[in-house]
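Please walk through this model with the structure open beside you. We take a sheet, then the pockets.

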Amino acid sequence: MPTALIRRPSPRLAEGLVTHIERTPVDVGLARTQWQRYVDALHGTGWSTVEVPPIDECPDSVFVEDTMVVYGDVAVIARAGATERRAEAAAAAETVAAQGFRVVRIAEPGTLDGGDVLKIGPVVYVGEGGRTNAAGIEQLRAAFAPLGAEVRAVPVRKVLHLKSAVTALPDGTVIGYEPLVDDAGAFDRFRAVPEEAGAHVVLLNEDRLLMAASAPRSAVLFEGLGYTPVVVDIGEFEKLEGCVTCLSVRLRD
Ligand SMILES: NC(=O)NCCC[C@H](N)C(=O)O
């Protein structure tokens, strides 16, 4: 059974960072309900979950994907591009180590957020932008190259993270909402989707795609390609620039 790391929302969630969108009030109670439904959707498709101990003083800690990148048996622990989020990594590192992963840490002057990393087989795309810098990418390359990964840097200027702009379907096609993609030509195969949140899918298995309720037209598009969307409302997290990918770390290998 595949395992995903998750982290309960902080009571201070509403104070989370907002960079590229306007701040709107977050209902923490509703966010808790949405988070539980997201976790239920993982369980409902055969995933087990492991909780990283909550860190209530970090408003953005629910976005646990940003704390690490896992490839093979190595977990690279991120050094958040936003200093406010650096304290999130310690407990996440302990949790993934307890799952049997070797831990490597991004060190100063490197910065890296897990949301900037998109893995497609042996190719690891890393967004260089507001949160992840060239030194962080070089350290990620040094950690993963010995495992056979090919780390490719791509620009991210229009959105928070690379995976705010693009993710990939099970067949490796990169999907993105074109107005927010800096360089669609950087990807071997690219398909445009009609909504911003339609660019965000979590591969639950070979045919099920976890996606946000805010992208109904993209869901229809994916159905037409033979996939089954599993839809969750994550509206309170979207107000903080979160998406379906960032609420878990999938430990597949
Ligand atoms: N991987 C992600 O897309 N993470 C979303 C993080 C949102 C959070 N408010 C932040 O600005 O860091």
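In what order do the three strands of the open sheet run? The order is S9-S10-S11, and the pairing is mixed. Strands here are DSSP runs (E, at least two residues), numbered from the N terminus. Two of them pair if DSSP finds at least two bridges between them.

This is a predicted model, in which local features need pLDDT of at least 70, side-chain atom pairs count only at pLDDT 80 or more, and totals for chains, interfaces and linings use all residues. Residues are numbered from 1 along each chain as its sequence is written, and side-chain values use heavy atoms, without hydrogens and water.

Strands S9 (166-168) and S11 (190-192) form the edges of the sheet. Each has a single partner strand, so one side of each lacks a neighbour in the sheet. Strand S10 (residues 174-176) runs parallel to S11, joined by three bridges. Here glycine 176 stands opposite alanine 192 in S11.

Now the pockets. A pocket is an open set of points on a 1 Å grid over the protein atoms alone, where a 1.4 Å probe fits, with protein on both sides within 12 Å along at least five of seven lines; lining residues have an atom within 4 Å of a point.

The largest pocket holds about 730 Å³ of space. Its lining has 34 residues, with Lys119, Ile120, Leu203, Arg250 and Arg252 nearest the centre. S9 supplies at least two residues of this lining, as does strand S6 (117-120).

The second largest pocket holds about 300 Å³. It is lined by 15 residues. Among those nearest its centre are Ile21 and Glu196.

Technical notes:
Helices (H or I, at least four residues) and strands (E, at least two) are DSSP runs, numbered from the N terminus. Grid points are joined across faces, edges and corners, and a volume is the space filled by probe spheres set on the points.
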